[in-house]
Amino acid sequence: MAAVQPSFVLLNDDELAELVDAADSTNTKKQIQFAVHRLEAFAECAGTSLATVQGYGNAELDKFLSRFYGGLRRNNGDLYTKKSMHAIRYGLHRHFQATKDIDICNSDMFKESDKTYKAMMVKLKQSGKGAVKHKKAVSAEDMTKIIDSLDTTTPIGLQNKVFIDVMTYFANRGRENLRSTSISDFDLEVDEQNLRYITRRDTMTKSRRECEDEACSGHMYEIPGSSRCPVRSFLALKEVLNPAEKCMWQRPKAKAPTDGSPWYMNAPLGINTIGNKMREISEKAGCSQVYTNHSLRATTCTVLDEAGFPNRHIMSVTGHRSESSLKHYSRTSDKKKKLMSEALANEMSENAPKPAEPEVQSNENVLEGLDSLLTDSQEQLILSESNFNIQSATSTSSVQHFHFHGPVTFYNK
């Protein structure tokens, strides 16, 4: 009788450590490394060493971290920004969690350092470094300029058009997974109305590294009859990619070949080239400001938020794990703030119309009005939408329909 082969793999300690280490993203590893480096530099400044600090008990480590947060400065002596302080503290949190199995952020044993850290947040706010600057969404006017500037009959123009579509519809982070993105990561599907759309297969991201029960991805629908249809552009790019190169973002040739050969070289775009792609596109289009790749993700969140979609639905596209992290993108736009300013200015203006005196009605008129309201069988609901949405970035028109099934009654209060 043949021996049964074992169905397990026995990993040694090094292999287990490598498996755990691979679970962290490259940016997280750099963040931890930088935080530990700053703690080591502070320890040397305080006349001790990192090895000594790591050997402290919880109470002594709490006091040392309190001094560290209070005295933390850049190499030029300036205070760090709020975002940088958060990153350093998080890096140390991950470091001590791995090396000493302690939580320096959420433990009652580190109250003193936590108090000092919060005091530093107040100090940063007082000094003007407490605000976190997030990437701005692309304005409707600038998006029009960008789309109009792209010539999809050229290799670089077609690539840039598909790049903007993919980054916007699937809410990709600035540089995340771009170098490893393959055309096979996307699927073409057809819905019940025979409309084609593109979906993206589940990928590992910064906020979603473990296995998830539900994949997060948007749907990039076609716009029939439009030269800016994202599905049409995507399929056109797929046909002219170099099959010898796995990466979807390949180096474009100067001109489109006329002999049917690939439009792109057997080489991926450089890391810096693809990382600065939106910056280059917006500069050439003559936008009001220079945008980054991450601005397209901010555009997705802002447009969907202004269109009235609930956060839980937006999160199903962007991959955010919590609404608190999503709210940084869903900010009041400059256009809305301008309208609010104009509303206040009109109210305070000398020529502002005075409110009309309320009309006094007799009891009989009031009863007639109520009777009319109660006997109305229908009312029309007018739904206004934002002029700019995700599809309008690639189409001249976009209409969203709402359907109500069964009787609907609206009450005036």
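The model is predicted, so to speak of local features a pLDDT of at least 70 is needed, side-chain atom pairs count only at pLDDT 80 or more, and totals for chains, interfaces and linings use all residues. Residues are numbered from 1 along each chain as its sequence is written, and side-chain values use heavy atoms, with hydrogens and water left out.

## The sheet

Let's start with the strands. Helices (H or I, at least four residues) and strands (E, at least two) are DSSP runs, numbered from the N terminus. Two strands pair if DSSP finds at least two bridges between them. Here, three strands make an open sheet in the order E1-E2-E3, and their pairing is antiparallel. At the edges are strand E1 (186-190) and strand E3 (219-221), each of which pairs on one side only. On average, neighbouring strands in this sheet are turned by 30° against each other, direction ignored. Axes are lines fitted to C-alpha atoms, for helices over the stretch in contact, and angles run from 0 to 180 degrees between N-to-C directions.

Strand E2 (residues 196-200) runs antiparallel to E1, and five bridges join the two. Which residue in E2 is the bridge partner of Glu189? The partner is Tyr197. Helix H8 (residues 155-169) packs on the sheet and touches E1, E2 and E3, with its direction at about 135° to that of E3. Contact here means heavy atoms within 4.5 Å.

## The aromatic rings

A pair of aromatic rings is described by the distance of the centres and the angle of the planes. Rings of Phe, Tyr and Trp (its six-membered ring) pair if their centres lie within 6.5 Å; planes under 30 degrees apart count as stacked, over 60 as edge-to-face and the rest as tilted. By this rule there are nine aromatic pairs, and here are two of them.

| Pair | Centre to centre | Angle between planes | Type |
|---|---|---|---|
| Tyr56 and Phe64 | 6.0 Å | 65° | edge-to-face |
| Tyr197 and Tyr221 | 4.7 Å | 20° | stacked |

Because Tyr197 lies in strand E2 and Tyr221 in strand E3, their pair ties together parts that are 24 residues apart in sequence. Buried means under 20% relative accessible area, exposed over 50%, and partly exposed in between (1.4 Å probe, protein chains only). Tyr197 is buried at 10%, whereas Tyr221 is partly exposed at 23%. In the other pair, Tyr56 is buried at 16% and Phe64 is buried at 4%.

Ring pairs also link Phe42, Tyr56, Phe64, Phe68, Tyr69 and Tyr117 into a cluster.
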